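Here is a short note on the aromatic contacts and a surface patch. Please read it with the model open.

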Amino acid sequence: MILRQILRLSSLFHSAVSVHLRRNIGLSAIVFNKAKELDPVQKLFVDKIREYNTKSKQAGGPVDAGPEFQKDMNESLARLQRAYGEGDLTKFPEFKFEEPKFEETPK
């Protein structure tokens, strides 16, 4: 009886571990693939993403965005502030949950 349960648990453990290892090996093959081993189109795509990342860090925002973009963004923020109230709409809101106050009622 105990032997049966141990064998059943070991088979479940074996299948779970094998699925987990297969997934991790598949993902790690993609992650550890070096840029020189990529095909030319993939390499160009990865290079452009890295280039955009460095440009956006230097610019401190969107890259190659003209004055129209900034004007549209300011108008959208002003419209949203009129609709939903004041505050900084570029940041995620902070929620404060207070404990409810319970009153005891006499029986």
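1. Rings of Phe, Tyr and Trp pair if their centres lie within 6.5 Å. Planes under 30 degrees apart count as stacked, and over 60 as edge-to-face. The model discussed here is predicted.

2. How many aromatic pairs does the structure hold? There are 2. One of them joins F92 and F95. Its ring centres are 6.2 Å apart, with 80° between the planes. That makes the F92 and F95 pair edge-to-face.

3. Why is the pair of F95 and F97 stacked? The planes of F95 and F97 meet at 25°, and the cut-off for stacking is under 30 degrees. The centres of these two rings lie 6.4 Å apart, and pairing requires them within 6.5 Å.

4. F95 takes part in the pair with F92 and in the pair with F97. F92, F95 and F97 form one aromatic cluster.

5. Now the patch. L80, Y84 and L89 make a nonpolar surface patch of about 330 Å². L80 sits in helix α3, which spans residues 67–84.

6. Is L80 exposed or partly exposed? L80 has a relative accessible area of 37%, so it is partly exposed.

How values were computed
Residues numbered from 1 in each chain as written. Predicted model: local features only at pLDDT ≥ 70, side-chain atom pairs only at ≥ 80, totals over all residues. Heavy atoms only, no water. Patch = residues over 30% accessible without salt bridge, like charges linked within 9 Å, V, L, I, M, F, W, Y side chains within 5 Å. Areas by Shrake-Rupley, 256 points an atom, 1.4 Å probe, with all protein chains shown as cover. Salt bridge = Lys/Arg side-chain N within 4 Å of Asp/Glu carboxyl O. Helix = DSSP H or I, 4+ residues; strand = E, 2+ residues; numbered from the N terminus. Buried < 20%, exposed > 50% of the residue type's maximum accessible area, 1.4 Å probe, protein only. Phe/Tyr/Trp six-rings, centres within 6.5 Å; stacked < 30°, edge-to-face > 60°.
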